[in-house]
Amino acid sequence: MLELKEVAKEFTNNKKEDVVGLADINLKVEEGDFISIVGPSGSGKSTLLFIIGALMNPTEGQVLMRDEDMYDSTPSYRSKLRLREIGFVFQTFNLIPYLSALDNVAVPAMLTTTFRNEAVQRAEDLLNRFGLGARLNHKFAELSVGERQRVALCRSVINNPGLILADEPTGNLDPKMTHEVMALFQELNSNGHTIIVVTHEEDVAAYAKKVLHLQDGKFTNGK
Ligand SMILES: Nc1ncnc2c1ncn2[C@@H]1O[C@H](COP(=O)(O)OP(=O)(O)O)[C@@H](O)[C@H]1O
Ligand SMILES: [Mg+2]
């Protein structure tokens, strides 16, 4: 479904020095995979996920989705990918603070259907499934961290993307909520979604079927 070939990313820091974000990354993702990528802070996890998620150009290499390099295509092709085929759970959620949980989740669906009611209905069904039925009309700012995490998760899956990417999805959660969120990813995976989670915690990574280690922008255990 997805392949990274010799991907590298260099940044320039505020002293105008080159900083290695990623180097020499090769990765094959098959449909139905559940992969976690573990590494310490600064190892390149977010950079890697942004590149996979059609959000950031690599400096070198190719990112093939269905054998087509997404960064050789147009920006509008990449935004279509992001809207319909890739669900992204951001570390900082990126939800809209003054909208309700329901509207936050419905936004991506409104962009793909002309029927507002259908979008809202789908958002409501999802939130109910994730135990947020009593929070539909709460503003994002009125929700607990665990609830925000689940709202972000609902938003990422509302358009039924084949690929779900999550950046430190349990970073702010207690152990019980961490288990709940990771079990949700397992459920989504068993329903056919391909999932990549990045985390700095080994026990979170262990929920995946396959664990890769990242250090200084490189995989340390092969592919
Ligand atoms: N926009 C940027 N400008 C300069 N350096 C960056 C930028 N984004 C990331 N980096 C650097 O790239 C490396 C990897 O960062 P990141 O992918 O955020 O790591 P992680 O998510 O594992 O903490 C770090 O050294 C970081 O400082
Ligand atoms: Mg990060």
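What follows is a conversation about the helices, the sheet and the core of this predicted model.

Biologist: Why is helix 3 called roughly parallel to helix 5?
Modeller: The axes of helix 3 (residues 101-110) and helix 5 (residues 145-157) cross at roughly 25°, and because angles under 35 degrees count as roughly parallel, helix 3 is roughly parallel to helix 5. The two axes come within 7 Å, and the contact is made by Ala101, Asn104, Val105 and Pro108 of helix 3 together with Val151, Cys154 and Arg155 of helix 5.

Biologist: What makes strand 1 and strand 4 a pair?
Modeller: Two strands pair if there are at least two bridges between them, and here 5 bridges join strand 1 (residues 2-12) to strand 4 (residues 60-65), which run antiparallel. Leu2, for example, stands opposite Met65 in strand 4.

Biologist: How do you know which are the edge strands of the sheet?
Modeller: The open sheet has 4 strands in the order 2-1-4-5, and strand 2 (18-29) and strand 5 (68-69) are its edge strands, since each pairs on one side only.

Biologist: What makes Leu165 stand out in the largest nonpolar core?
Modeller: That core has 56 residues, and Val105 and Leu165 are those with the most contacts inside it. Contact here requires C-beta atoms within 7 Å, and, leaving aside residues up to four places away in sequence, Leu165 touches Leu49, Ile52, Gly53, Ile86, Gly87, Phe88 and Ile196.

Conventions. Residues are numbered from 1 along each chain as its sequence is written. Chains are lettered from A and ligands numbered from 1 in the order in which they are written. This is a predicted model: local features need pLDDT of at least 70, side-chain atom pairs count only at pLDDT 80 or more; totals for chains, interfaces and linings use all residues. A nonpolar core is a set of buried Ala, Val, Leu, Ile, Met, Phe, Trp, Tyr and Cys residues joined through C-beta atoms within 7 Å. A residue is buried if 20 or more other C-beta atoms lie within 10 Å of its own, exposed if 12 or fewer, and partly exposed in between; C-beta atoms are placed from the backbone. Two residues are in contact if their C-beta atoms, placed from the backbone, lie within 7 Å. Helices (H or I, at least four residues) and strands (E, at least two) are DSSP runs, numbered from the N terminus. Axes are lines fitted to C-alpha atoms, for helices over the stretch in contact, and angles run from 0 to 180 degrees between N-to-C directions. Angles under 35 degrees count as roughly parallel, over 145 as roughly antiparallel, 65 to 115 as roughly perpendicular and the rest as oblique.
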